[in-house]
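Here is a short report for someone meeting this model for the first time. Keep the sequence and the 3D view at hand while reading.

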Amino acid sequence: MKRMIDQENFNLICNSLKLLVNNSSPSTRASAIHKMQNLLRFGQDMVMSLFLELSNDFHPGILKVAINPLQYLINYNFKALIPFFKISLKIKESSDETGKLITAAYCRNYQGADSLINEFLEHNEPNIIVKTAFEFVEHESKIEEALSLIERFYSKDDKKLGSIYNQAFFHIKPSLFPELKEFLFEYAHSNIGKYREHAYFEFLLKCAKKHPEDCIELSYINANSFESEHDYHDLTNKQLQ
């Protein structure tokens, strides 16, 4: 489909898509929205308009696939999408997709994203926000902004959320240790930090050669609060060898 589109075909496609507005099933409109990103290079304003019209009933099935064009549209005109997100963030079935998009907008410092994050948290758990923010850290992009979200939930005592924090350390590069040092100490002292397990300790082991004192200190913080002491003893034994 993508290879066959030119400007003339783009106009024909848009006219056809307009016929679906308020006149087709959610599954039909979801199919149309699913690949709308292929049209963006021919007319971003038109694609934005069509997207908002085709998704105006906020059907969960549509919102789930909407992440495909929206991951590009938020970078084009985030302000125009704020009213859309104010409604979509209340739809539980697609909260992961919406949360991922507004977290990306927040990390990129798009105006209005912070208030959307706050509204999202009124209706949803922070899990997808934390997971997406850690993805920015993993890719060494907008780390300061991402950490400002990650740090919001230190007081939480939730095993599922704690696992998201812990699992992130499987993917964080040891070279980031100096930049993350303050975060690591705050996290280790936090409520959510008591769910540190294997991934966290493996990260410290990888960093220990260049930062031995800090890593040993981090390994001792609240050591008696760990659900599993195996990783803690394994780390300290290897570091002291």
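Lys 142 sits in the loop that links H8 and H9. Its phi is positive, near 50°, although the residue is not glycine. Most residues other than glycine have a negative phi, and most peptide bonds are trans. Lys 142 counts as partly exposed, at 37% relative accessibility. Here buried means under 20% relative accessible area, exposed means over 50%, and partly exposed lies in between (1.4 Å probe, protein chains only).

This is a predicted model: local features need pLDDT of at least 70, side-chain atom pairs count only at pLDDT 80 or more, and totals for chains, interfaces and linings use all residues. Residues are numbered from 1 along each chain as its sequence is written, and side-chain values use heavy atoms, with hydrogens and water left out.

**Other positive phi values**

Glu 140 follows H8 and has a positive phi, near 55°. Asn 22 is a residue other than glycine with a positive phi, near 55°. Asn 22 belongs to the loop between helix H1 (7-18) and helix H2 (26-34). At 67% relative accessibility, Asn 22 is exposed.

**The chain as a whole**

The protein chain has 14 helices and zero strands. Helices (H or I, at least four residues) and strands (E, at least two) are DSSP runs, numbered from the N terminus. The C-alpha atoms fill a box of roughly 70 × 35 × 30 Å along the principal axes. Of the 241 residues, 49% are buried. Contact means heavy atoms within 4.5 Å. Among contacts with a separation of 6 or more, 71% join residues 24 or more positions apart.

**Helix H8**

Helix H8 covers residues 127-138. At 1.5 Å a residue, its twelve residues should span 16 Å, and its end C-alpha atoms are 16 Å apart, which agrees. The expected span is 1.5 Å times one less than the number of residues.

How many of the twelve residues of H8 are buried? Ten are, so H8 is mostly covered. Among the buried residues are Ile 128, Val 130, Phe 134 and Glu 138. Their cover includes H6, H7, helix H9 (143-150), helix H10 (159-168) and H11.

Asn 127 also lies in H8. At 16% relative accessibility, Asn 127 is buried. Beyond its neighbours within four places in sequence, Asn 127 is in contact with Lys 160, Leu 161 and Ile 164.

**Helix pairs**

Two packed helices are described by the angle between their axes and the distance between the axes. Axes are lines fitted to C-alpha atoms, for helices over the stretch in contact, and angles run from 0 to 180 degrees between N-to-C directions.

| Helix pair | Axis distance | Angle |
|---|---|---|
| H6 (residues 95-107) and H7 (residues 113-123) | within 8 Å | roughly 150° |
| H11 (residues 177-189) and H13 (residues 212-220) | within 10 Å | roughly 20° |
| H9 and H11 | 12 Å | about 15° |

Angles under 35 degrees count as roughly parallel, over 145 as roughly antiparallel, 65 to 115 as roughly perpendicular and the rest as oblique. H6 and H7 are therefore roughly antiparallel. H11 is roughly parallel to H13. H9 and H11 are roughly parallel too.

A crossing is left-handed if the near helix is turned anticlockwise from the far one by less than a right angle, and right-handed if clockwise. H6 passes H7 in a left-handed crossing. The H6 side of this contact includes Thr 98, Ile 102 and Tyr 106, and the H7 side includes Leu 116, Ile 117 and Phe 120. By class, the contact of H6 with H7 has seven nonpolar, four polar and one charged residues. Ala, Val, Leu, Ile, Met, Phe, Trp, Tyr, Cys and Pro count as nonpolar, Asp, Glu, Lys and Arg as charged, and the others, Gly among them, as polar.

H11 and H13 cross in a left-handed way. Phe 177, Lys 181, Leu 184, Phe 185 and Ala 188 of H11 meet Asp 214, Cys 215, Glu 217 and Leu 218 of H13. This contact of H11 with H13 has six nonpolar, no polar and three charged residues.

H9 passes H11 in a right-handed crossing. Ile 143, Leu 147 and Ile 150 of H9 meet Glu 179, Leu 180 and Phe 183 of H11. The residues of the contact of H9 with H11 are five nonpolar, no polar and one charged.
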